[in-house]
Each structure stands twice: as C-alpha cells, then as structure tokens.
Amino acid sequence: MNKRERYNNVMGYLFISPWLIGFFIFTLFPIIASFILAFTRYDVLSPPRWIGIDNWFRLLEDTRYHNSLKATFYYVFTAVPLRLIFALLVAMLLKPSTRLAGLYRGIYYLPSLIGGSVAVAVVWRQVFGSEGLINFILGMMGIKGLNWLGNPSTAIWTLIILAVWQFGSPMLIFLAGLKQIPDSLYEAASIDGAKGWDQFIKITLPMLSPVILFNLIMQIINGFMVFTQAYIITSGGPLDTTLFYSLYLYQKAFQSFEMGYASAMAWVLLMIIAFFTALAFKSSRFWVYYESEEGK
Amino acid sequence: MAKKAKRQNIIYHIATFILGIIMIYPLLWMISSSFKENADIFTTMGTLIPPKFTVENYIEGWKGFGNVSFATFFKNSFIVAGIGTIGTVISSAIVAYGFARIPFKGKDLWFTAMMITLMLPFQVQIIPQYIMFNTLNWINTFYPLIVPKFFGSAFFIFLIIQFIRGLPLELDESAEIDGAGRIGIFWWIILPLIKPALITASLFSFYWTWDDFLGPLLYLNQATLYTVSLALKNFADPTTITNWGAVFAMSVLSLMPVLLIFIFFQKYLTEGIATTGMKG
C-alpha cells in the first residue's frame, strides 16, 4: 500500500465517520437488539426474560394482530395504487410547459406538503365528522350523510382518501420522467396514426416504467409505515378496522410496555417489507423497460 | 387552426386551475374557518368568506393549555428543528464528500449499507433506541430528537453525493497539485460549490423535523417541552374540544413555517424531489 492509498483510506473513514458511528449506534445495534428482544419478555422496569419463541407463537393467535395485518394490507393495496394512478394523471395534466406550469405544480404539490401534518389530521377528523364538511355538502345536495369515522366500512377510506390526496411527490417524479421521453417518439407515432390512448399504452407507460417501479417501491414502504394520521384521526377504531401495523406496535411497545412482543412484530414487518420490495424488483423484468437493453 | 389551439389552451388553463382549487380546498376551508366566529364555523361551512371576520380564535388559541402557551411550543419546535437541521446538514455534507470523492477500502460496502437503511422500517429501530435513550435519562429532553441528527442522514448524504458527482473532478485535482489535502479541498473547493444542495437538504430537514410527531410523542411527556405538532394533537383532543375556532387557528399557524418555506423556496423543494426521488 503506498502512501497515497493509505492517506485516502484514513481520510475516507474520517469523512464518513459521522455516518458510520451513527449507523452502528442508531441503526445496526438497535436492529440486532430488537431481534434478541423478540425472544424475551421485557417491560422496561424489570430486566428482559428469555421466553424463546413464545412471542412468535403469540403472533399467530393474537386476533388484534390479525386485524392490524388486515387493515394494513387493505390500506397499502388500495392507497398505493390509487395514489400512483392519481399522481400519473396529474403529471400528464401538468406536462405542457406553459407560463403557469410552475404555479400549477406548486398548487398540486401543496396537499403533499401539509398532508402529513398533525394540523391536517385534526382538520380531517372534522371534515369527515358527523357534523363535518362532507356531510354538510351532501346535505346541501339532499343526501343524508354518514358517520364516516364511526362506521367500520368507511373509516379506513377517510385515511385512504387522505393518502391519495398526498400524491405530490410521486407526481413530481412522474413529471420529471415524462419530460425525459423524447418528443420524436410521439411524433413518429402520430405519423403512423397512433392516437392518444395508443400512444399512452405503447410509449408513455413503457418509457415511464422504471420511474413507476421506483415510485411503487417507495410508496409500498411508506404505506406499511403509516402512523400519525391513523393515530390522530381514528386511533385504530372502529372495531380495529384502521389499526395499522405501526399503531398496534406503538400500543404494544409504548402503552402496555410489551417491548419483546412488539420487537417480534417489528421484525415481521421488516420481513414483509423486504418481501414486497423483492417481489417488485423481481417482477420488474416482466414489465419494466430499460432502454439500454435495446442496443444488445 | 390558431384560433382552435388558443381555445384549447384557455380550456386547459381553466380546467387545471379549477381542479387545483378543489385540491387545496381543505386548506382554504381551514384558513377561512380560523377567521370565523365560533358560532358561525359549522353553520356557514358552505362559504369560504367569514360572515364576521375575527382574529379572536388566534388570540384564544395562542393561550394554549395547562398554562403553557403556543409561544413555548413554537420555541421548542424551532429549537428542535433548527439545531437538528444544522447538525444533519453539516454532518451529511462531510460524509457525502467522503463517499463521492475519496477512494478508500470498503467504500462500496458502506455505501450499500447506507442505501439499504433508506428502505428500513423505523419500527425495527425505535424500541431499542427508546430503551437506550431511557437508560441515558434522556426522556423529557430534546436530546433523543437532536443528537442522532448529528450523525448524518442517508437521504441527505445521497442527495449531496449526487450533487458533488456533477462537479468537475479537475477542481479537486488542480487543488491537490497545489498541495491541498482532502480537508482543504472539501472546505475551500467543494463546500462553497454545493450550496444549492445544502439549501435543499436544510429545507427538507427543517420541514420533516417540524412535522415529526412520533419522536416528540415518544420522548416528550411534559407540556412545557411539547413541540407544535404534539401540542396541537393534545389541544384538539376530541373528548374535551369546545373551541374549534382556536383549533383551526393554531392548525393554520402550525403550518405557517412550512408554507413560508414552500412559497419562498418552491424550486429547491420540487427539484429536490424530482432529482433524488425523495420520499412522500
């Protein structure tokens, strides 16, 4: 090893040391610790007690846990596709570069900017309340409203709508992707007589598929981690229909202090997310189009 | 033909604008309700213009609860988001330079590890983290919310790496020939050039920390330490809430820092998302 290489090695580790130290303390150690905790009973006050695989068996029998799985899957697999479709539609709408494009982008991004805040969650509870804005508007049209948040079949939809409303980030990513598609492709298609829908299916979607994959993975990961809105708007009710994974984990870990059990839950979540991320990657070779392959 | 194109153009703008207004209607409704008298809020929901304009809600709401006013909550939020942002941006910039420019052993491994942490659910980390901070007696202090930020954030490190990669390598090389070391190159050459990336990272960091709810919920149990988001949640407790006007007013105020950042720095935010594909 010459002097220069040694210097670079020292400097490299010096520069990344803040992250590296943080990685060991705040990420790697906690991940390993939570895996070990998953085999114990631990309530913070007394030392953890080894109970083997009891926690994992308990997951199989815990009906509330099953409710939370059901609610989470229902949420992820409706909110994510709807949000992505909506994001793509709005991106198509905002694609033309007009003088007002910047303003429009700002307006349509605004819901995403504020949608994750406590303020919006609090207001959302009012909007969908029995005497809220939605029922008021329905009332003006002569329709009798519902108790949206108290009804087990509608409560989760108030959260799904809130999630879809925050379409801003995937929309901006789609928009950047749409602008990358060369105009010449559309022009050639027009000459061949392909109309709007055909162009969308045969040009826009394939050219955009890498971006769709990226958005899909990020949104699935985010979807599984949703917490604040459900905590504030529905608190998991009614009848556990909105008891999202993070919410139940929070209740177990920090309200009833079953830290061992909650750690087992956290690890299952990690595996679920890893599974769906891998699935999206694996499936991508069937539907994601990479331009560079064309040259082979 | 030109006439038809012009008409299509007008239709496009009208439709886009109207749809945009529908999208932000809940926000407009919230702002207008905050200026309505309490008695009017639920009887005049159909109109955005307050029948009697009042700022009473803001005055009442600002008083907060439990003898702690929103001045305290805002101060706490500014401390946490301010210090946290400074820490995260400085440390991320340092780490980003190491990854982007210095060839060293094991770099690919650590870089991959960092990218994987971006996909890691926070749930597998929070329980041991909580135990750790509890052991350190850091519950009911700002430390758990601030200290981890000084170790860089994978999102911002990646954002800044991407930016540094766009800078010509000749800059580093000529400085090296002039006898500058790595620290000198980072400090004198790279740092001044990555300002736009640092601004983007600062804005996002401030905005995310300001909005953070779970962190304060876990670590702050005294009203005097509450951040705005946690305070607002308690202020709007559905079982005790009577003054909706005040809740709307404080909700609007809590969004103000984020909205102001957005209005003044929109370009940095929207381009930041588009180029790095950041979360949402």
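Visitor: Where does Phe167(A) lie?

Guide: Phe167(A) is placed in the loop between helix 7 (155–165) and helix 8 (168–180) of chain A. Helices here are DSSP runs (H or I, at least four residues), numbered from the N terminus. This is a predicted model, in which local features need pLDDT of at least 70, side-chain atom pairs count only at pLDDT 80 or more, and totals for chains, interfaces and linings use all residues. Residues are numbered from 1 along each chain as its sequence is written, chains are lettered from A and ligands numbered from 1 in the order in which they are written, and side-chain values use heavy atoms, with hydrogens and water left out.

Visitor: Is Phe167(A) buried or exposed?

Guide: Buried means under 20% relative accessible area, exposed over 50%, and partly exposed in between (1.4 Å probe, protein chains only). Phe167(A) has a relative accessible area of 0% and is therefore buried.

Visitor: Which residues does Phe167(A) touch?

Guide: Contact means heavy atoms within 4.5 Å. Leaving aside residues up to four places away in sequence, Phe167(A) touches Arg83(A), Phe86(A), Ala87(A), Val90(A), Tyr108(A), Ser112(A) and Met23(B). Ser112(A) is 55 residues from Phe167(A) along the chain, yet their C-alpha atoms are separated by 6.2 Å.

Visitor: How many residues of chain A are in contact with chain B, and how is the size of an interface expressed?

Guide: The size of an interface is often given as the accessible area lost when the parts come together. Buried area is that loss for two parts, taken with a 1.4 Å probe and summed over both. In this model, 95 residues of chain A are in contact with 88 residues of chain B. The area buried between chain A and chain B is about 8000 Å², and carbon and sulfur atoms give 78% of it. Phe15(A), Trp19(A) and Phe26(A) supply 11% of the area that chain A buries against chain B, more than any other three residues.

Visitor: How many residue pairs are in polar contact across this interface?

Guide: A polar contact is a pair of N or O atoms within 3.5 Å; within protein, one must be able to donate a hydrogen and the other to accept it, and residues adjacent in sequence count only if both atoms are side-chain atoms. Across the interface of chain A and chain B there are 17 such residue pairs, both residues at pLDDT 80 or more. Helix 1 (residues 3–37) of chain A gives the largest share of the side of chain A that touches chain B, namely 26 residues.

Visitor: What should I look for in a salt bridge?

Guide: Side chains of opposite charge can pair when their charged atoms come close. The rule asks for a side-chain nitrogen of Lys or Arg within 4 Å of a carboxyl oxygen of Asp or Glu. The whole structure holds 7 salt bridges over all chains, and 1 is found across the interface of chain A and chain B. Glu176(B) and Arg4(A) form a salt bridge, with their closest N and O atoms 2.6 Å apart. Glu176(B) is partly exposed at 28% relative accessibility, and Arg4(A) is partly exposed at 48%.

Visitor: Which parts of chain A do Arg58(A) and Glu258(A) tie together?

Guide: The side chains of Arg58(A) and Glu258(A) meet in a salt bridge of 2.6 Å, N to O. Arg58(A) belongs to helix 2 (residues 54–61) and Glu258(A) to the loop between helix 12 (245–255) and helix 13 of chain A, so the pair ties together parts that are 200 residues apart in sequence. Arg58(A), Lys252(A) and Glu258(A) are linked in a network of salt bridges.

Visitor: How is a pair of aromatic rings described?

Guide: It is described by the distance of the centres and the angle of the planes. Rings of Phe, Tyr and Trp (its six-membered ring) pair if their centres lie within 6.5 Å; planes under 30 degrees apart count as stacked, over 60 as edge-to-face and the rest as tilted. The structure holds 60 aromatic pairs over all chains. Phe224(A) and Phe276(A) form a stacked pair, 5.9 Å centre to centre with 25° between the planes. Phe224(A) is buried, with a relative accessible area of 1%, and Phe276(A) is buried as well, at 15%.

Conventions. Helix = DSSP H or I, 4+ residues; strand = E, 2+ residues; numbered from the N terminus.
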